[in-house]
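Please open the structure in a viewer and follow the stops below in order. Each stop names a selection and then describes what is found there.

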Amino acid sequence: MRAVHFCSSCGKVQPPVPVDYFTFFGFPRKLNLDVAELEKEFYALSRRLHPDVFAQANAEERSWSLEQSSMLNDAYRTLKDPIKRTEYLLRLEGVELEEQSKQATEKARATGELKKQVVPPDLLEEVFELNMHLEELRGQKKMGEDDPALLEEIGKAKLSLEEKYDALLTELKTEWKEWDKSVDGGTANATEEGRRKILAKMLDVLNRRNYVRNLVRDVNEAME
Amino acid sequence: MSSDYIVGIDLGTTNSLVAYMQGDSPVVIPGEDGLNLVPSVVALDENNQIVVGNAARKYLIETPERAVYSVKRLMGRGVDDIQDELKLFPFRLAEDLQAGEVLRIKIGERTYTPPEISALVLRQLKRNAERFFGAPVTQAVITVPAYFNDAQRQATKDAGRIAGLNVLRLVNEPTAASLAYGLDKKKHGIVVVYDLGGGTFDISILKLHDGIFEVIATNGDTHLGGDDIDNLLIAIALDDIRGDLGLEFGNEVRRSGEAVARIRQAVIEAKIALSSQPSAKLDVDLPGGKKYQREISLEVFEQMIQPIIDRTVGPCKQALKDAGLKPEQIDEVVLVGGSTRIPKVRRLVQDLFQRVPHTDLNPDEVVALGAAVQANILGGGSEITKEMLLLDVTPLSLGIEVAGGVTDKIILRNSTIPASATQYYTTQIDGQTNVAIHVLQGERELVRDCRSLARFDLKGVPPMPAGLPRIEVKFLIDANGILRVSAREQRSGKEAEIDVQPTYGLTDEQVENMLLESFDYAEEDFRQRQVIEARREADTILTALAKGKKNPAWPELTSEERRHVETLEKALVAVKDGDDYHAIRGGIDALNQATMRLAELMMDTAVSSALKGKTMDGTDFEEGPQAGHPVAKAEFK
């Protein structure tokens, strides 16, 4: 079901209605999305909604076109990117992206406390070892020392993390399939509870992926 | 569809142009002097009249403190920002300027804000267009550097309004250039526009397909251009002079506005010559009859400007990175801006993007031509433009200040515009009715490293216990790249009133006042012009009369007639140096009337002398307007 952007009889632009991005494009709330189709829709809608088309129209139509096209651009930007799409869906379904939440970050900054970062269990050992190495590296740098063996060790760890990063995306996409199936109905997951579980899994993958990304960033900084 | 002509205007640092779509192609509208380029120079002449463009250029050298150039560098900026500019450009600030206030520049004894000075250039272009069409022009598309921030864009819009133009759209210069380039709809692919003008540098990467011009990434430097090359050469020349002719004399030259202006003109000519010659000569007259002469080889020139040109590399690489593209994936590179005529710049572009840049389009005019295409699209489009659509981006991330002096980015750079973001706020104190928001632009993390855009004060929040109000604030960057903010308290549904304090800009009220003031100046300027012209006319008639009195025809008047003429002559002399236009006018007309018979007699004498074989030389009618009789009313253009 698609949002009504234009009057069906006279074709004039309509006042913007607050709809979610999927509805805006007339796509189902599924995570596997034909990006080429999305792009085609984006260009078609842009041609008709862009403020340039309404430069000579009355003030009301100009205002509607401005709002509609900003929604169009925001929606396209969000749905085009796999991670943004996933995060958006989670938000739509009322799931809060916890540790990464802005509130937590702000609170941490305000109080100067360290943000609570839960280490993904499967990375515990790796992270512990890596952090030790990084400490050592920082210490050495202060002394002006250079240890190629240590650097090699850290380099290997970084590579492993980058592989994990890619693997997590694959894992995410597996969850996508599950979600899409549950939307279609007719599977064990097509219940409220079932869907909650899938969402929770996706959230978990995203958090772990963010954690890994931050870690890689720390490594890069330390190695500079 | 509007029947008014919508024009496209390139308001450049060095030169400005106005263009419109003539049938299938855009054309530049020339000025009265027949030239397409209007130098962005404003001056006050000897009679305190505003002069704009080519006519103003001579004042840069003759009376540099009564002329101003490159004012685009000051648009949307504050006193603190322009300290570097002040060292390199002869801008004179108003003495009573406070920090945080809009800049005011002195031209002679008058002060103007940068938007007002730009408005004077725009007004000149407006007049050129109106003269060309024989009809009023009130709507325009004006171009801005893609990397201009919100304040700089708003200042440009303000300038348009002050000049009496409804600015339908601000278009980014590289995007406009791509429109002129891609007017032929068959063009498609990835196009890079490298725009190096007098004062700004932009790099934009666009995807062209099916008539859609989509910007993917943009970057640049709003203080990098040909001016910087000129200033470097001037600095080297001044060093030379100090070395050759002594420290004291060198400093004297440096302090002389006129001497520096001469050096500047010379280095610009040399710079241009070096685009096609292996060497150029500087030959400048200095005070005290001294001279500065130097020969610059192309090799030395290229060495000198290397660091300046290298500054364009960083933004180019960042734009490619943001676009997720490698140089091999670029299909075409288009050069824009006068500075891209420099061979070294072309080689740098060729190296960076690994292809020969497209140089068919006139780099000085292409932006104005593109603006004309956009003007056509906004006017409803025509056959050739009806499939065209521009999708541009915002060049800088938009952020909000949060606790700890940090910015929280809510709209990222290179987001397609219009773009929006919604934030939720609440109150800290019971009954609090205001919420303050500080908005910034930039890519850095800390507030102090970003550019303050404005402070918004949300008023009229219904008093509630602290933490209860849920204020939804919507940030919208419109198609001009300018920010709008609206806010609503969700529980009560009440729209909050927003008080905007632009950090470096004019309030709506200030712009309104300037609009009226510029009309007042126009009126005053017009009256002054009338007086000056009347004075000239009076001088002409008085001079002719003085000669007439020596003519043999004079004694042929009756003594009464002669007394009458002399009384009126004295009366005119008495009023002509005053400011009363009507008195001068009256005096001229009266004297004209009274000397009719003298004129006739002088004509008869002349004719009879001619018939006797004498030439007309004896009568000496004086150069200038040809009159029917020697003291007749002159024709002034």
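This is a predicted model: local features need pLDDT of at least 70, side-chain atom pairs count only at pLDDT 80 or more; totals for chains, interfaces and linings use all residues.

Where they touch, domain 1 of chain A contributes 5 residues and domain 2 of chain A contributes 4 residues. On the side of domain 1 of chain A that touches domain 2 of chain A, 2 residues are nonpolar, 1 is polar and 2 are charged.

Next, select residues 226-245 of chain B, which form helix H6, together with residues 247-255 of chain B, which form helix H7. The axes of these helices lie 6 Å apart, at an angle of about 150°, and the crossing of H6(B) and H7(B) is right-handed. To view the contact, show Leu238(B), Ile241(B), Arg242(B) and Leu245(B) from H6(B). Their counterparts in H7(B) are Leu247(B), Phe249(B), Gly250(B), Val253(B) and Arg254(B). This contact of H6(B) with H7(B) consists of 6 nonpolar, 1 polar and 2 charged residues.

Finally, display both chains: 18 residues of chain A are in contact with 24 residues of chain B. On the side of chain B that touches chain A, at least two residues each come from helix H12 (366-378), strand E18 (389-391), strand E20 (406-411) and strand E21 (419-425) of chain B. E18(B) gives the largest share of that side, 3 residues. By residue class, the side of chain B that touches chain A has 15 nonpolar, 7 polar and 2 charged residues.

Note on methods:
Residues are numbered from 1 along each chain as its sequence is written. Chains are lettered from A and ligands numbered from 1 in the order in which they are written. Two residues are in contact if their C-beta atoms, placed from the backbone, lie within 7 Å. Ala, Val, Leu, Ile, Met, Phe, Trp, Tyr, Cys and Pro count as nonpolar, Asp, Glu, Lys and Arg as charged, and the others, Gly among them, as polar. Axes are lines fitted to C-alpha atoms, for helices over the stretch in contact, and angles run from 0 to 180 degrees between N-to-C directions. Helices (H or I, at least four residues) and strands (E, at least two) are DSSP runs, numbered from the N terminus. A crossing is left-handed if the near helix is turned anticlockwise from the far one by less than a right angle, and right-handed if clockwise.
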